[in-house]
Amino acid sequence: MNPTLNDTAAQPVRIVPRTAATAADSTGRWSEDDVAALFALPFADLIFRAQTVHREHFSASEVELATLLSVKTGGCPEDCGYCPQSVHFDTGLTAGKLMAVDAVREAAERAKAAGATRFCMGAAWRAPKDRDVEAVAELVRAVKDVGLEACATLGMLNEGHAETLRDAGLDYYNHNLDSAPDFYGDIITTRDYQDRLDTLERVRGAGVKVCCGGIVGMGESRRQRAGLVAQLANLSPDYPESVPINNLVKVEGTPLADQPDLDPLEFVRTIAVARITMPRARVRLSAGRQQMSEAVQALCFLAGANSIFYGEKLLTTGNPDVAADMALLDKLGITARRA
Ligand code: SAM
Ligand code: DTB
Ligand code: SF4
């Protein structure tokens, strides 16, 4: 008989996961090295650690359902290499004007009836004008009237914009850092990292909750994924309340259309590292679920994801249909967060 197995059977060994020097410093800051060390943990240790942190702050069997709606589609002057809505790339998308309040209210009512608690409105603007912000404030009021949490992502905000949206009842503003600072320039040239940080500061300053994450699978290195997570975890005065982790959706016509797939387990690791470094945040398994197996999604929930986009569409691309998502959550014994 294998002596090792025999010993183990006779005297159970307490397995303590290796944690390495992987923790925030005394000020709560995460160095890129420490985040990279988390990524390098044995998979089981990383997931165990993420689960432990997750259970300290959330029920591990509950997920938030957020529905997305593109309220202003396409025609965006920015050149974000992943995005089907940029005017720089021919993706066959038809651009539209800002949606009317009634249509948005109806979409919010449908989302609520389907079980969502959060409604996120996206607009393909570089930066909204004052009148755009006023118009979106009306949409926010409609969403709040329906009884959903309201989130908007409209691009860069100028002075006073975050306050106008807050006064309309906006709960969250989504503005992603998207990648590590040293990879950002490979993906976007029309605005820089500091522009993003400035908008996030305006959002925080107005007392609106921050939803900020990024995209993986764009050809970045693992070190750069660690760099992105470190940036998010170290945001001042605190990390975002909500952290969407998107897996690149490859859209024909965009420069990243032929990007090789990221190893799914590396995506799971990214979720786990986000959970460990931002323990109280809603970590959202965001774009890319339609291309992901159920098993990988289940691993993402184990790794600490506790929010998903719910409904057939993201902004312009597909998302699993509601029945499939319900069946998956049911299989996993995960329930939807109640309002
Ligand atoms: N125009 C605004 C902006 O960029 O801030 C808001 C809308 S923009 C589409 C919102 C986010 O969607 C982007 O920051 C990016 O993280 C994500 N996104 C866009 N296209 C994507 C794609 N093909 N795959 C994954 N995420 C994507
Ligand atoms: C986020 O981080 N992901 C969402 C939301 N915030 C606005 C957008 C995903 C978009 C995926 C590509 C599309 O459907 O156009
Ligand atoms: Fe425009 Fe936003 Fe798309 Fe960039 S991600 S091209 S800013 S809509």
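Tutor: Let us begin with a definition: a polar contact is a pair of N or O atoms within 3.5 Å; within protein, one must be able to donate a hydrogen and the other to accept it, and residues adjacent in sequence count only if both atoms are side-chain atoms. This is a predicted model, in which local features need pLDDT of at least 70, side-chain atom pairs count only at pLDDT 80 or more, and totals for chains, interfaces and linings use all residues. Residues are numbered from 1 along each chain as its sequence is written, ligands are numbered from 1 in the order in which they are written, and side-chain values use heavy atoms, without hydrogens and water.

Student: What makes the pair formed by N246 and ligand 2 a polar contact?

Tutor: A polar side-chain atom of N246 lies 2.8 Å from an oxygen atom of ligand 2, and the limit is 3.5 Å, so the pair is a polar contact. For T317, a polar side-chain atom is also 2.8 Å from an oxygen atom of ligand 2.

Student: Why is T117 called buried?

Tutor: Buried means under 20% relative accessible area, exposed over 50%, and partly exposed in between (1.4 Å probe, protein chains only). T117 has 6%, and is therefore buried.

Student: Why is V87 called exposed?

Tutor: Its relative accessible area is 54%, which is over 50%, so V87 is exposed.

Student: Which residues does V87 contact, leaving aside neighbours within four places in sequence?

Tutor: With contact meaning heavy atoms within 4.5 Å, V87 is in contact with G75, C76 and P77.
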